[in-house]
Amino acid sequence: MSDPMIYVNGNMVSKSDAKISVFDEGVTHGWAVYEGIRVYEGKILELDAHLNRLYASAKGAGIVIPIDHAEFRRAVLETVVTNDYRNCHIAPWIGYGELGGAPSVVIRIVERSSKMGEPATAMVSSVRRAAPDSIPAQIKTNSRLDLMLAKIEASIAGVDYAIMLDHIGYVAEASLANIMIVKNGVTLTPYPINALEGVTRNLILRLLPMSGYKAFEDNITLHDLWTCDEAFVCGTGAEIRPILTIDGRTIGESETGPVTEKVIQLYTDYIITHGEEVDYS
Ligand SMILES: Cc1ncc(COP(=O)(O)O)c(C=O)c1O
């Protein structure tokens, strides 16, 4: 696999030439925002929803993106087409820049195959998600040491995902993914207060009711988590993966449950029917 071409401040350069200043505040203090976008079989998913969130994150973080939405859109598509990737993960990144300087705009891209539906394990992390009056979860920022500490904990424990609680003790989200549980056929996910308002999560909350399933935002407790019938993580990078054990406790029947199967089918269909064809010509 050859090195990808990366967008850096208006230019497409090879990965080894993709450089920004080590004095960029995004590097020195994590003062940066980013997105994760996916292409499946040449179709890009929810590009505008991701870009809208990128601009909102930047506004929240006091970063002015130097190009507008339409130009950013073109830059993302140019990055995909230049690399001729049909299945990939794209990560636009905006660093504040050097103090007194201009922001850095980078669009990374990697080829990626799908892990959709692969069963996973999880634990409840001892690290709490940052409180909303600390680092708002709605800002998709690179200042995410809380999530990384939880991820390390999960890795040491030998499980795939750390589930983080919020400052009150309700379930917030998983390390780099949202979490949903199913109880008596009803799908529940935490309010987007201490959890990122995931594009995938929002899509699932829209798609399930259109197929006659109930899906709501709610406060979710540890007890709800341990006693639910099904649990799954969802996200652009994480995709949709059933969680079969949490803290070693079996969830439901320890196999992908019927609602999770339905969500995977709805999401997969959505990619085919609503993914935007990338013009590689
Ligand atoms: C902390 C966190 N929560 C949730 C998600 C899922 O968000 P989305 O569905 O928009 O990819 C992500 C994605 O990277 C994330 O980093």
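Here are a few notes on the salt bridges and one surface patch in this predicted model.

1. Ground rules: because this is a prediction, local features need pLDDT of at least 70 and side-chain atom pairs count only at pLDDT 80 or more, while totals for chains, interfaces and linings use all residues. Residues are numbered from 1 along each chain as its sequence is written, and side-chain values use heavy atoms, with hydrogens and water left out.

2. Searching the whole structure turns up ten salt bridges (a side-chain nitrogen of Lys or Arg within 4 Å of a carboxyl oxygen of Asp or Glu). One of them joins Glu239 and Arg38, at 3.6 Å from N to O. That pair ties together distant parts of the chain, with Glu239 in strand 15 and Arg38 in strand 4, 201 residues apart (strands are DSSP runs of E, at least two residues; helices are runs of H or I, at least four; both are numbered from the N terminus).

3. Now look at Glu173 and Arg129, whose salt bridge has an N to O distance of 2.5 Å. Glu173 sits in strand 10, and Arg129 in the loop between strand 8 and helix 4. Glu173 counts as buried because its relative accessibility is 4% (buried is under 20% relative accessible area, exposed over 50%, partly exposed in between, using a 1.4 Å probe and protein chains only). Arg129, at 6%, is buried too.

4. Asp48, Arg73 and Glu276 are linked in a salt-bridge network. Within it, the closest N and O atoms of Asp48 and Arg73 are 2.9 Å apart. Asp48 is partly exposed at 31%, whereas Arg73 is buried at 18%.

5. Finally, Leu149 belongs to helix 4 and, with 40% relative accessibility, is partly exposed.
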